[in-house]
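Here are some short notes to read alongside the structure. Keep the 3D view open as you go.

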Amino acid sequence: MKEGLALNKMYDLIDKIDNLLDEKLSYAFDDKFGYLTACPTNVGTGLKVSALAHIPALELTGNLRKILNVVNNLGISIRGVNKEEDNIKGQLYQITNNQTLGVTEKEITKNLKLVSQKIIEQERIARKFLAKKEIEFEDKVYRDYGILTNARKISEDEAIDLLSMVKMGTDLGVIKELNDQKIAELNLYTKPANLQKLTGKNLSEYDQDIERAKVIKNIISGNTTI
């Protein structure tokens, strides 16, 4: 895993690791089908390449479904980070290749990078469209920001969705009270295990929701030492 769309660098690294393993291991290989894997859909190169994308504007503008239909015909799928098809949290999507048979590793990497770049371009276009509706967009992101800063209890799922909108507002310069570092801290320390580690308490789910709201306020105000 690496930040940014560094698929080529990641492939070069894993190719070196794979070659080293190949010197010590005997891979299951068939002359016709290529590498044999536990799942038949991965037979061939056995390579899965993924990119994680935060694309809230495409979802808000209703253009995401159109992109999904096009991408599915290219042998690539887009789904939630936990493989869910519906009820996606935080507008975080994983772009992954479906085809591993009949294509080379470099072709898989190249195709996924091209599709990811196109999706990123469309997300930027959608964000410009939303930004033109200045009052409506500002109202949306600041309402979510207001809930984050004033709620007495917040569930993990609600925090994920609120932070998604607040991050987009921060990215577009609408919300000036936050920056990328604070957004990252909020995403990290609102997760159940990290939340309990930070507070030093073994919390029930209900108490986690209460403590999560407190931690969010403290991180935003700068009162929490991480």
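Is K140 buried, exposed or partly exposed?

1. K140 is partly exposed, with a relative accessible area of 35%. Remember that this is a predicted model.

2. Now find the partner of K140. The side chain of K140 meets that of D144 in a salt bridge, at 3.5 Å from N to O. Both residues sit in helix 5 (residues 134–150), four residues apart, about one turn of the helix. D144 is buried, at a relative accessible area of 8%.

3. Move on to helix 9 (residues 205–221), where R212 and D209 are three residues apart, about one helical turn. They form a salt bridge, with the closest N and O atoms 3.0 Å apart. Both R212 and D209 are buried.

4. Stay in helix 9 for E211 and K214, again three residues apart. Their side chains form a salt bridge of 3.6 Å, N to O. E211 counts as buried, at 11% relative accessibility. K214 is partly exposed, at 44%.

5. Next, look at a helix pair. The axes of helix 6 (residues 156–171) and helix 7 (residues 180–189) come within 10 Å and cross at roughly 175 degrees. That angle is over 145 degrees, so helix 6 is roughly antiparallel to helix 7. Helix 6 brings L163, V166, K167, T170 and D171 to the contact, and helix 7 brings D180, I183, L186 and N187. These residues divide into four nonpolar, two polar and three charged.

6. The structure holds 11 salt bridges. A network of them links E123, R127, K167, D171 and D180.

Note on methods:
Residues are numbered from 1 along each chain as its sequence is written. This is a predicted model: local features need pLDDT of at least 70, side-chain atom pairs count only at pLDDT 80 or more; totals for chains, interfaces and linings use all residues. Side-chain values use heavy atoms; hydrogens and water are left out. Axes are lines fitted to C-alpha atoms, for helices over the stretch in contact, and angles run from 0 to 180 degrees between N-to-C directions. Helices (H or I, at least four residues) and strands (E, at least two) are DSSP runs, numbered from the N terminus. Angles under 35 degrees count as roughly parallel, over 145 as roughly antiparallel, 65 to 115 as roughly perpendicular and the rest as oblique. Contact means heavy atoms within 4.5 Å. Ala, Val, Leu, Ile, Met, Phe, Trp, Tyr, Cys and Pro count as nonpolar, Asp, Glu, Lys and Arg as charged, and the others, Gly among them, as polar. A salt bridge is a side-chain nitrogen of Lys or Arg within 4 Å of a carboxyl oxygen of Asp or Glu. Buried means under 20% relative accessible area, exposed over 50%, partly exposed in between (1.4 Å probe, protein chains only).
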